[in-house]
Amino acid sequence: MTKSKIFILILICVFFNFKNYAQQQSIGNSSILQNIQSRDKVSLNGLWQVIIDPLENGYYNHRWLPREEGFFTNKKMKKPSDLVEYNFDTDYQLTVPGDWNSQMEKLYYYEGTVWYKRSFDYDIDATKTTFLYFEAVNYEAQVYLNGEKIGSHIGGFTPFQFDVTGKLKAKDNFLIVKVDNKRKREAIPTINTDWWNYGGITRSVHIISTPKNHIQDYSIQLSKTSHKSIEGWVKLSNTKSNSNVTINIKELHLNVNVKANNGVAYFKTKAKPNLWSPSNPKLYTVNISTKEDQITDHIGFRSIETQGSKILLNGKPIFLKGISIHEEAPFNSGRVTTKEECLVLLNWAKELGCNFIRLAHYPHSETMVKEAEKMGFLIWSEIPVYWTVLFDNPDTYKNAENQLTEMISRDKNRAGIILWSVANETPESLSRNVFLSNLTQKVKALDSTRLITAALDTQKGNGKNERLIEDPLGKYVDVIGINSYCGWYGGSPESCADWKWANHYDKPMIMSEVGAGALQGLHGKENERWTEEYQDAVYKNNIEMMKNIDFLAGTSPWILMDFKSHRRHLRRIQNDFNRKGLVSEKGLPKKAFYTLQKFYNEK
């Protein structure tokens with residue numbers, strides 16, 4: 001056997017072993033509480049004391065060994081001669097939820113460790129189970145309650161919780177969180193991104209109380225096989241429970257009683273719901289109850305599938321008129337933290353004429369998803385498998401799969417979400433194909449009712465103005481996303497109208513990114529970069545190109561609003577902003593906004 005054949009054999013073995021490893025993993029947060037808005041909870045939002053710790057002195061000693069009495073013990077001087085070189089109570093303060101970069105000038109570019117501390121009292125009920133629930137912390141969190149470590153979490157955009165039953169006191173509790181947003185090569189996302197790495201406790205923190213045997217999780221939706229049936233399951237916290245579970249939808253005169261088997265109750269029942277759609281975003285009040293617990297959700301019922309190159313909503317073809325959105329706060333920058341900020345962004349998308357939004361490049365807040373659903377937006381939701389992650393690293397895969405699981409777990413009952421995305425702009429390779437195909441299989445195992453996609457930028461040219469979609473990942477996804485920047489990263493604006501596209505797969509394609517940068521208020525000729533006229537010319541010509549793609553099922557141009565990015569260094573133009581927004585960070589629309597709006601209104 002030749003050396004080259006031996007090498008190929010070894011390579012195949014390595015990747016098959018990696019694939020087996022990935023498939024054997026049972027990563028996830030299936031035990032996390034669902035729909036916390038329906039739960040009894042106490043907010044820990046507000047001002048927290050913080051210590052900025054770039055050398056991690058609060059965790060490691062000078063020998064780089066973990067301290068027994070780190071900052072997490074909240075140690076105090078007991079006599080005048082005591083040496084304690086930190087004091088949360090006399091240090092800085094930051095608001096939670098919120099990122100540190102936009103709250104404190106000295107932390108604008110900071111990546112590293114910040115310790116957060118919050119003191120509180122709590123009205124203890126011994127009959128309840130108590131959880132400490134974080135909606136999101138970017139990126140790695142080590143959590144301590146009253147000096148005891150209760151857990152950790154990796155991933156900046158999904159919720160996590162800890163059971164703290166019996167660990168709380170009536171008075172003088174202190175919660176300390178070590179937050180570290182340092183970028184790492186092996187992380188998800190990896191070192192190189194095109195958005196601001198906002199660090200901190202960026203979403204709300206709650207103490208949630210439930211009955212001892214409570215409703216832990218559930219999935220309720222339209223049957224995949226009939227628009228006249230609703231089916232699903234309810235999972236109880238007691239895995240041995242055979243309690244009766246009731247699912248009630250009063251408006252549909254539906255009242256289902258089913259007995260749990262080992263903590264899980266499955267059901268399927270006839271029903272004729274008014275189907276959710278962008279023009280009729282109907283949500284039903286759904287009550288789920290047991291003898292011990294009750295929870296209420298607002299759920300829409302719709303079907304989503306593909307037929308050749310078409311996307312079918314409720315059995316009928318729909319064109320997705322969309323826009324990409326970052327979780328960047330309008331007017332003030334920083335991470336979005338309020339419902340009002342979500343509504344500003346969503347109303348701009350509605351004014352643009354959208355029925356579809358791509359929430360890039362990570363799971364946005366539950367508030368954003370729910371408000372979008374109420375307004376009738378179809379939603380693309382994705383995890384930050386972005387650019388060149390370490391596709392041959394099993395731990396990186398484990399991290400990605402966990403973030404995927406947590407995203408789907410939180411939002412699986414949201415009718416607005418029709419697409420789970422596993423990646424954005426990843427370079428083709430054998431390890432990448434294995435990594436991403438395994439993620440698509442994980443999606444199918446978790447949720448077979450939605451479509452799978454990924455945003456690709458690996459199309460090839462068969463000629464000067466021809467593009468062929470043949471990325472191997474196309475085999476595994478239901479809908480192919482294509483990022484193409486004709487007129488900005490290649491070609492002149494006027495050359496784009498003549499581009500021709502071919503698709504190796506009989507599947508729908510969404511033009512998931514297209515666009516150009518412009519500084520709002522800067523005007524000039526159509527061939528002058530950074531002017532509104534140049535951006536507008538790119539849009540006009542790309543729209544003409546897209547009109548001639550017969551397998552195009554939707555678009556989500558890049559992007560709704562200018563957003564912060566470390567990669568954007570051009571002073572007086574970028575000023576740390578990616579300028580591809582159709583709206584400036586101050587809320588002022590550019591010429592291209594109205595060009596896309598006209599296209600959508602006529603579509």
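Analyst: **Helix packing and its surroundings**

Helix α4 and helix α5 pass each other in a right-handed crossing. This comes from a predicted model, and the values that follow were computed from it. Helix α4 covers residues 394–411 and helix α5 covers residues 430–446; their axes come within 10 Å and cross at roughly 30°. Because an angle under 35 degrees counts as roughly parallel, α4 is described as roughly parallel to α5. On the α4 side, the contact is made by Thr396, Tyr397, Ala400, Glu401, Leu404, Thr405 and Ile408. The α5 side supplies Phe435, Asn438, Leu439, Lys442, Val443 and Leu446. Sorted by class, the residues in this contact are 8 nonpolar, 3 polar and 2 charged.

A further helix pair is formed by α6 (residues 532–547) and α7 (residues 591–602), whose axes come within 8 Å and cross at roughly 20°. That angle makes α6 roughly parallel to α7, and the crossing of these two helices is right-handed. From α6, the residues in contact are Glu532, Glu533, Gln535, Asp536, Tyr539, Lys540, Ile543 and Lys547, and from α7 they are Lys591, Ala592, Thr595, Leu596 and Phe599. The composition of the α6–α7 contact is 5 nonpolar, 2 polar and 6 charged residues.

Helices α2 (residues 339–352) and α3 (residues 366–374) form another pair, with axes that come within 9 Å and cross at roughly 45°. This angle makes α2 oblique to α3. The crossing of α2 and α3 is right-handed. Here Lys339, Cys342, Leu343, Leu345 and Leu346 of α2 meet Thr367, Met368, Glu371 and Ala372 of α3. The contact of α2 with α3 contains 6 nonpolar, 1 polar and 2 charged residues.

Histidine 361 sits in the loop between β22 (356–359) and α3, and a cis peptide bond with omega of about -20° joins alanine 360 to histidine 361. A cis bond also joins tryptophan 558 to isoleucine 559, with omega of about 10°; isoleucine 559 belongs to the loop between β31 (552–555) and β32 (563–564). Asparagine 146, in the loop between β6 (140–145) and β7 (148–154), is another point to inspect. The phi angle of asparagine 146 is near 55°, a positive value in a residue that is not glycine.

The largest cavity has a volume of about 160 Å³ and is lined by 17 residues, with Asn138, Arg183, Pro189, Thr190 and Asn197 nearest its centre. The lining of the largest cavity divides into 8 nonpolar, 5 polar and 4 charged residues.

The second largest cavity holds about 60 Å³ of space. Its lining includes Ile220, Gln221 and Leu222, together with Ile299, Gly300, Phe301 and Arg302. Lys412, Asn413, Arg414, Ala415 and Arg450 also line the second largest cavity. Strand β11 (residues 215–222) gives the most to this lining, with 3 residues. By class, the lining of the second largest cavity has 5 nonpolar, 3 polar and 4 charged residues.

Among the open spaces, the second largest pocket has about 390 Å³ of space. This pocket is lined by 21 residues, and Glu425, Asp457, Tyr485, Tyr489 and Glu513 lie nearest its centre. The lining of the second largest pocket is made up of 7 nonpolar, 7 polar and 7 charged residues.

Finally, tryptophan 64 is found in the loop between β2 (46–52) and β3 (92–96). Leaving aside residues up to four places away in sequence, tryptophan 64 touches Leu55 and Glu56. Tryptophan 64 and glutamate 328 are 264 residues apart along the chain, and 36 Å separates their C-alpha atoms.

Notes. Residues numbered from 1 in each chain as written. Predicted model: local features only at pLDDT ≥ 70, side-chain atom pairs only at ≥ 80, totals over all residues. Heavy atoms only, no water. 1 Å grid on protein atoms, 1.4 Å probe; cavity = no way out; pocket = protein on both sides within 12 Å on 5 of 7 lines; lining within 4 Å. Points joined across faces, edges and corners; volume = space filled by probe spheres on them. Nonpolar A, V, L, I, M, F, W, Y, C, P; charged D, E, K, R; others polar. Axes fitted to C-alpha atoms, helices over the stretch in contact; angles between N-to-C directions. Helix = DSSP H or I, 4+ residues; strand = E, 2+ residues; numbered from the N terminus. Parallel < 35°, antiparallel > 145°, perpendicular 65-115°, else oblique. Left-handed = near helix turned anticlockwise from the far one by under 90°. Contact = heavy atoms within 4.5 Å.
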